Amino acid sequence: MNKLPKIGIPLIIIAIALIIFVAKSTITIESGEAGVLFETFGDGVVTDEPPLSEGFHLVAPWNKIFVYEVRQQEVSEKMQVLSSNGLEIKLDASVWFQPQYDKLGSLHQEKGIDYVSRVLQPAVRSAARSVVGRYTPEQLYSSKRDAIQEEIFIETKEILKDQYVQLNEILVRDVTLPPTIKDAIERKLRQEQESLEYEFRIEKAEKEAQKQRIEAQGKADANQILSASLTDKILQDKGIEATIKLSESPNSKVIVIGSGDGGLPIILGNQ
């Protein structure tokens with residue numbers, strides 16, 4: 001009976017050691033993550049094999065696992081850059097990115113777990129300074145926002161080409177100019193709009209005047225053609241035709257038809 005505790009204690013110690021060993025030898029990679037294996041007694045970071053994927057893994061307790069998020073991530077960047085004429089412009093941008101999955105070991109080995117601040121952000125800032133420096137504040141404020149967004153994306157992607165980071169999109173959310181420059185640009189845009197509106201009114205009035213001139217000319221031409229076609233005989237016939245129509249009216253009247261050359265009058269109608 002006295003031997004049982006002596007046998008039980010070592011078994012308990014072995015069981016505890018086994019539990020600790022198993023706990024140290026297992027890791028669970030969560031959804032949207034991947035693990036980089038570091039072999040303490042091997043060649044260090046494993047770069048020639050795919051990273052550990054999602055799920056449960058058994059790993060030697062003397063090795064280490066560095067977990068990275070591999071889904072798309074976002075980082076906000078607020079930058080102060082100079083325009084082509086040396087004025088300070090503030091950019092507010094969002095950067096969508098993720099590490100290259102199949103190069104995760106190389107990323108960890110060469111850049112480290114804080115690769116965002118070491119690689120991504122400096123690349124975005126450098127590209128933004130280069131792109132904005134090619135434009136004036138007026139262009140940045142009005143028509144060139146989409147253009148600079150696309151150019152910053154292209155230049156940043158070129159910088160990150162061999163840095164094991166996948167750039168998905170750069171969105172320029174806001175461009176802030178110095179207040180005095182912004183006010184001057186807005187005044188200029190208002191004046192341009194008013195000028196365009198004035199030119200539109202003038203053009204409209206000129207078209208209306210042209211229309212009236214054309215209509216008046218058409219009427220004048222029609223009258224000229226009609227006058228040329230009316231002879232004395234036609235006018236006399238038209239007068240007689242109108243007089244006969246009047247004589248047919250039931251009202252009492254006296255109508256005299258004459259040529260005005262001393263001929264006898266013709267009296268029609270009732271008295």
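Colleague: Which residues form one aromatic cluster?

Modeller: Please note that this is a predicted model. Within the model, the aromatic cluster is made up of Tyr68, Phe97 and Tyr115.

Colleague: How many aromatic pairs does a search of the whole structure find?

Modeller: The search finds three aromatic pairs. In one of them, the ring centres of Tyr68 and Tyr115 are 6.3 Å apart and the planes stand at 35°, so this pair is tilted. Tyr68 belongs to strand 5 (residues 64-69) and Tyr115 to helix 3 (residues 115-132), so the pair links distant parts of the chain, 47 residues apart.

Colleague: Are Tyr68 and Tyr115 buried or exposed?

Modeller: Both Tyr68 and Tyr115 are buried.

Colleague: Over how many bridges do strand 2 and strand 5 pair?

Modeller: Strand 2 (residues 33-39) pairs with strand 5 over six bridges, in the antiparallel sense. Gly35 stands opposite Val67 of strand 5.

Colleague: Now the charged residues. How many salt bridges does the structure hold?

Modeller: There are eight salt bridges in the structure. One of them joins Glu77 to Arg125, with the closest N and O atoms 2.8 Å apart.

Colleague: Is Glu77 buried or exposed?

Modeller: Glu77 counts as buried, at 2% relative accessibility. Arg125, by contrast, is partly exposed, with a relative accessible area of 34%.

Colleague: Which residue forms a salt bridge with Lys78?

Modeller: Lys78 forms a salt bridge with Asp92, and the closest N and O atoms are 3.1 Å apart. The pair links distant parts of the chain, with Lys78 in strand 6 and Asp92 in strand 7 (residues 88-99), 14 residues apart. Lys78 counts as exposed at 67% relative accessibility, whereas Asp92 counts as buried at 16%.

Colleague: Which residues are linked with Lys78 in a network of salt bridges?

Modeller: Lys78 is linked in that network with Asp92 and Arg173.

Notes:
Residues are numbered from 1 along each chain as its sequence is written. This is a predicted model: local features need pLDDT of at least 70, side-chain atom pairs count only at pLDDT 80 or more; totals for chains, interfaces and linings use all residues. Side-chain values use heavy atoms; hydrogens and water are left out. Rings of Phe, Tyr and Trp (its six-membered ring) pair if their centres lie within 6.5 Å; planes under 30 degrees apart count as stacked, over 60 as edge-to-face and the rest as tilted. Helices (H or I, at least four residues) and strands (E, at least two) are DSSP runs, numbered from the N terminus. Buried means under 20% relative accessible area, exposed over 50%, partly exposed in between (1.4 Å probe, protein chains only). Two strands pair if DSSP finds at least two bridges between them. A salt bridge is a side-chain nitrogen of Lys or Arg within 4 Å of a carboxyl oxygen of Asp or Glu.
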